[in-house]
Amino acid sequence: MSTRKPSYTNPRPCKHLSAYKLKHGLSGYKSLQKSLKTTPNGRTSIENPGTKISRCSRCNGYQGRLYFCLICSSISCSSHTLLHTQSQIGHDLSVDIERAELYCCACSDQVYDPDFDKTVMSKHMLDLSCSTNSAHSIGERLCERKRIQLADLNKSGQLALMRDHRAKSCYPLGLRGFNDLGNTCFMNSVLQALLHAPPMRNYFLSDRHNRRTCRKRSANHLCLPCELDGIFSAVYSAGGDRTPYSPAQFLYSWWQHSENLASYEQQDAHEFFISVLDGIHERESKARNQTRDSGDCQCIAHRVFSGQLRSDVTCMTCGFTSTTYDPCLDISLDLDTNHCSNKPVKRNDNSSTSTLLSCLDLFTKPEKLGTDQKLYCQNCQELRDSSKQLSIRKLPLVLCLHIKRFEHSLVRKMMRKIDSYMHFPFSLDMTPYLSSSIVRNRFGNRIFAFEGDDSDISSEYEIFAVITHSGTLDSGHYLTYLRIKDQWYKCDNAWINEVDERVVRASQCYMMFYVHKTLYYKAKEDSSCLPVSTRKEAFHRLAGCC
């Protein structure tokens, strides 16, 4: 894990947005509100009253992204937004017609403004209150029904009783959408998975990291675990707001930790996940200044996600085996190219579709190293051809499996995405991939015990979150499917819907999160007695944010 001390300051807000609001205030936002339209699935877009199909005023094109100028109401495609602001001085801010997101033509980037966010959401809630149709979005369901009724808190103030006779239209506590702050679907999807990982949830909701007493937080430098604690409190607060949440302060805190990724550009969800765990480790390890006798890090990131891989390198001349152990926060798997399919997976499909088990088999399969990768054999005392085999020595509480969908094409000499579908089980037994099983199988089951035998540790898991990626490498989109009490929910930024498991199986999975079966069923049984935060969350305007 990184121990560097980043010398990063909060990014400055867009100067064009500041200039626009200084001159026009919120008048442009209020005028635009009349043209906002909420679609049946909960998305907000801009409806042009003058024409059914919006077209670029320059090229008359209607495909791709189109942007609505806040000053003159003209429409420009992505190729002509910069030309528009150069020809019309001061016409810098536009709105994405399809997504209703603020865009700076001069910066050629999305920008975030809480006031614009409030304008869109107030229009959304207004449309919901006027609607008489049954709805599936979480916002509409909450408008039609009263908020979740919680029983009296116990003396410690940590638990609230959830009555089990709730109507189906009322979603479980902890389901709350996140607003898109400008290409931040990668962050929103990972946050949903972290919020519903039982060990992480129990840790933060039991005040193990209290941002009000944390000494690592200052006015100039935010604390990543503190901001994550704030999100847990906002999502699980008793009787709290259930409208979509804007994790802007968490985003700024992450930027401080990973200043090389500080931008409104789309990032890789897997890279973001590892970076967040690294930030949690960095903060908590400094606060503890000690570990257990075993030397294992006891920060919450490692206690939940950390496992250990075993690597056996065997000399093909004398048979000498060198063994090393490496910690891991997730396991990255190659797709089994021998069984790839571009068709969605069905539940009982026995075709040649790639499966998660075949990917794990490929991960633990002995691999002959090339002639250019000869390793030094301690027994032969010289470089020898060798084979390498990986196995899992220690399993984590929460197992994160990452599917390598982005690779470098040797033919085109560029990065490309693998769009193949993969079948994955909801219940997973990792026993065949443990070091104890791999080594015994290698020697014909003649070794019954060895140092580090983990045969007594539970290796059965249940899936609770799946992050998917759709689209291309350059213009893709992340979303998360959550499994709560055997019901799947689709979390697409601010919008949450119930979905059938067939929808989840037919998705292009990118990251899968499994939790120990005992923890999954314990969380399922204890859903009527969920730990919730009693700290009321108020909206805090960010420093430096318009």
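What follows is a short chat about reading side-chain contacts in this predicted model.

Colleague: Let's start with the rings. How many aromatic pairs are there?

Modeller: The count comes to 18 aromatic pairs. Take Phe-232 and Tyr-236: their ring centres are 6.2 Å apart and the planes meet at 15°, so this pair is stacked, the cut-off for that being under 30 degrees.

Colleague: And where do Phe-232 and Tyr-236 lie?

Modeller: Both sit in helix H8 (residues 224–236), 4 residues apart, which is about one turn of the helix. Phe-232 and Tyr-236 are both buried, too.

Colleague: What kind of pair do Phe-273 and Phe-305 form?

Modeller: That one is edge-to-face, with 5.3 Å centre to centre and 80° between the planes. It links distant parts of the chain: Phe-273 belongs to helix H10 (residues 269–288) and Phe-305 to helix H11 (residues 300–305), 32 residues apart.

Colleague: Which residues do ring pairs link into a cluster?

Modeller: Phe-186, Phe-250, Trp-254 and Phe-272.

Colleague: Which arginines lie over the face of a ring?

Modeller: Arg-393 lies over the face of Tyr-325, 4.1 Å from the ring centre. Arg-505 does likewise with Phe-426, at 3.9 Å from the ring centre.

Colleague: On to salt bridges. What's the general idea, and how many are there?

Modeller: Side chains of opposite charge can pair when their charged atoms come close. Here the count comes to 12 salt bridges. One of them joins Arg-310 to Asp-312, with the closest N and O atoms 3.0 Å apart, and both of these residues are buried.

Colleague: Which parts of the chain does the Arg-483 and Glu-462 pair link?

Modeller: First the contact: Arg-483 and Glu-462 form a salt bridge whose closest N and O atoms are 2.9 Å apart. The pair links distant parts of the chain, with Arg-483 in strand E23 (residues 476–484) and Glu-462 in strand E22 (residues 460–471), 21 residues apart. Arg-483 and Glu-462 are both buried.

Colleague: What about Asp-500 and Arg-502?

Modeller: Their side chains meet in a salt bridge at 2.9 Å, N to O. Asp-500 has 37% relative accessibility, so it counts as partly exposed, while Arg-502, at 61%, counts as exposed.

Colleague: And which residues do salt bridges with shared partners join into one network?

Modeller: Glu-460, Glu-462, Arg-483, Asp-486 and Lys-517.

Note on methods:
Residues numbered from 1 in each chain as written. Predicted model: local features only at pLDDT ≥ 70, side-chain atom pairs only at ≥ 80, totals over all residues. Heavy atoms only, no water. Phe/Tyr/Trp six-rings, centres within 6.5 Å; stacked < 30°, edge-to-face > 60°. Helix = DSSP H or I, 4+ residues; strand = E, 2+ residues; numbered from the N terminus. Buried < 20%, exposed > 50% of the residue type's maximum accessible area, 1.4 Å probe, protein only. Lys NZ or Arg CZ within 6 Å of the ring centre and 35° of its normal. Salt bridge = Lys/Arg side-chain N within 4 Å of Asp/Glu carboxyl O.
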